[in-house]
Amino acid sequence: MRGVAEAPKAFGVVHHSQSVVIAEGLNGFPPDSYRKEDPEMRTWVNQSASVLGHLDGVRGDVIYDLGQAEKDTHAWNQRMKYHAIGATLTAIPIVGDALQRTVDAGTAGYMNELNAKVDEETRKNMVNHFENGENQMNAMMRKMATEKGLTKEELDVSPGEYEDGLQTTAENWYQQGIEDAQKKMGQP
């Protein structure tokens, strides 16, 4: 799955196919399964949200690695500048070492600034990715429930099966899917 997640189109096909299976499963439940607790419905939501969480967890690892690769490029470029500039400066008698340390400080500061921007962008991309995944499961459930005749008021009432049962179950199992995928890929 990790290899597929590196190819956005291939990952999109797998993700979409699982979303279709989830939607078809949701369609198989009667309207009352959205209104009052139905153990089979909860099990379907658990499994479905977990699948999406696993998929998104693997894709999140790719997003993280893309950010790390960009930072590695910055480090490589800094080393090349160090060697290109450093070789000429160090050879200058008396002041060469001091000039080289000044260049080192400047390039390190520049690299740190670039890496901070990469880290910020990577965090933003990952947050958006996971929020979109969680929202997808909720949107599929909500759409199916409204197509089965549930009103917005029925869906949003608390305590209520949809608001407090199904939606919470989906959120929890989506997160567990992400965490399990990350553990299986060796992340802490």
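## Helix α7

The buried residues of α7 (buried: under 20% relative accessible area, with exposed over 50% and partly exposed in between, using a 1.4 Å probe and protein chains only) are Glu161, Tyr162, Gly165, Leu166, Gln167, Thr169, Ala170, Tyr174, Gly177, Ile178, Ala181 and Gln182. Helices here are DSSP runs of H or I with at least four residues, numbered from the N terminus.

This is a predicted model, in which local features need pLDDT of at least 70 and side-chain atom pairs count only at pLDDT 80 or more, while totals for chains, interfaces and linings use all residues. Residues are numbered from 1 along each chain as its sequence is written, and side-chain values use heavy atoms, without hydrogens and water.

The end C-alpha atoms of α7 are 32 Å apart, which agrees with the 34 Å that its 24 residues should span at 1.5 Å a residue (expected span: 1.5 Å times one less than the number of residues). Just after α7, Gly186 has a positive phi of about 85°.

## Nonpolar cores

A nonpolar core is a set of buried Ala, Val, Leu, Ile, Met, Phe, Trp, Tyr and Cys residues joined through side-chain atoms within 4.5 Å. The largest has 23 residues, of which Leu26, Tyr34, Met41, Val45, Met137, Met141 and Leu166 touch the most other members. Two or more residues each come from α2 (8–27), α4 (39–90), α5 (96–147) and α7 (161–184). The most come from α5, which gives seven.

Another core, of six residues, lies apart from this one and includes Ala5, Phe11, Leu55 and Val62.

Leaving aside neighbours within four places in sequence, Val45 is in contact (heavy atoms within 4.5 Å) with Leu26, Met137, Met141, Leu166, Thr169 and Ala170.

Ser50 is in helix α4 and is buried, at 14% relative accessible area. Not counting residues up to four places away in sequence, Ser50 touches Trp173, Tyr174 and Gly177.
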